Amino acid sequence: MVVTGAASGMGRATATLLARHGARVSCWDLNGEAIEETARLATDAAGDAGEALAVVADVSDSDSVADAHLRTVADLGRVDGLVNNAGISLPAALDSPEWTAAWDRTMAVNLTGPANVLRTCIEDLCRNGDGRVVNIASTEGLGATRYLSAYTTAKHGVIGFTRSAAMELAGRGVTVNCICPGPIHTGMTAIIPDDDKERFARRRVPMRRYGDPAEVAQMTMSLLLPANTYTTGAVLAVDGGLTVQNT
């Protein structure tokens with residue numbers, strides 16, 4: 001099992017949960033120190049059940065992804081499940097000088113990254129006709145926010161990529177699904193003042209709070225289960241009801 005962007009937040013919560021339930025998890029991230037910590041936490045959570053490996057990888061670089069895959073296979077065996085969680089958010093106004101760099105880097109990590117990893121792992125996933133892929137998008141892929149044009153566009157793209165890959169791989173027994181987290185307490189949202197988070201949640205989220213990374217991890221794990229054989233191409237919001245609220 002591979003989890004990208006596993007150094008913190010939803011990626012760390014997912015890797016730890018999977019290991020606790022007996023998975024052999026390869027934790028990928030650019031942050032070497034933090035990914036080692038994730039692997040330690042996952043290993044501790046697993047006890048004698050699962051196993052965790054820390055791998056430094058840049059999902060936007062196909063060579064780095066290939067190296068990470070080789071190490072994963074050598075240490076843990078073939079990849080039978082993949083969680084494409086790695087992502088960045090670089091706000092920039094359309095007319096700002098920072099926009100081009102923000103666009104290029106965001107697309108490379110958030111959209112090309114999942115494609116790089118899936119393409120690299122595809123033979124493993126298809127080998128036994130039971131591979132599982134979960135791509136992490138965002139409720140930004142179902143709507144839009146000012147000054148996040150690169151992030152929003154990439155997350156819309158992740159949804160489209162999920163649907164296309166699901167159709168292409170369905171005949172080979174591989175399911176490909178997408179989760180769209182809403183407001184979640186992660187490093188990406190840590191810069192938002194607590195008072196602003198509270199006001200937003202009261203106004204926009206029917207459950208009136210931000211979610212926890214562990215709540216997203218639970219949905220991710222459910223889509224990775226071997227028994228989940230007939231759900232593919234699905235786009236599931238984990239957002240406390242944000243996207244269905246009319247007022």
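Start with the lining of the second largest pocket: seven nonpolar, three polar and three charged residues (Ala, Val, Leu, Ile, Met, Phe, Trp, Tyr, Cys and Pro count as nonpolar, Asp, Glu, Lys and Arg as charged, the others, Gly among them, as polar). Select Met1, Asp80, Leu224, Leu225 and Pro226, which lie nearest the centre of this pocket. A pocket here is an open set of points on a 1 Å grid over the protein atoms alone, where a 1.4 Å probe fits, with protein on both sides within 12 Å along at least five of seven lines; lining residues have an atom within 4 Å of a point.

This is a predicted model: local features need pLDDT of at least 70, side-chain atom pairs count only at pLDDT 80 or more, and totals for chains, interfaces and linings use all residues. Residues are numbered from 1 along each chain as its sequence is written, and side-chain values use heavy atoms, with hydrogens and water left out.

Next, pick Ser89, Tyr151, Thr186, Met188 and Thr189, nearest the centre of the largest pocket, which 49 residues line. Helices (H or I, at least four residues) and strands (E, at least two) are DSSP runs, numbered from the N terminus.

Now show the open sheet, whose seven strands run β3-β2-β1-β4-β5-β6-β7 with parallel pairing (strands pair if DSSP finds at least two bridges between them). At its edges sit β3 (51–56) and β7 (235–238). Zoom in on Asn84, whose bridge partner in β5 is Asn135.
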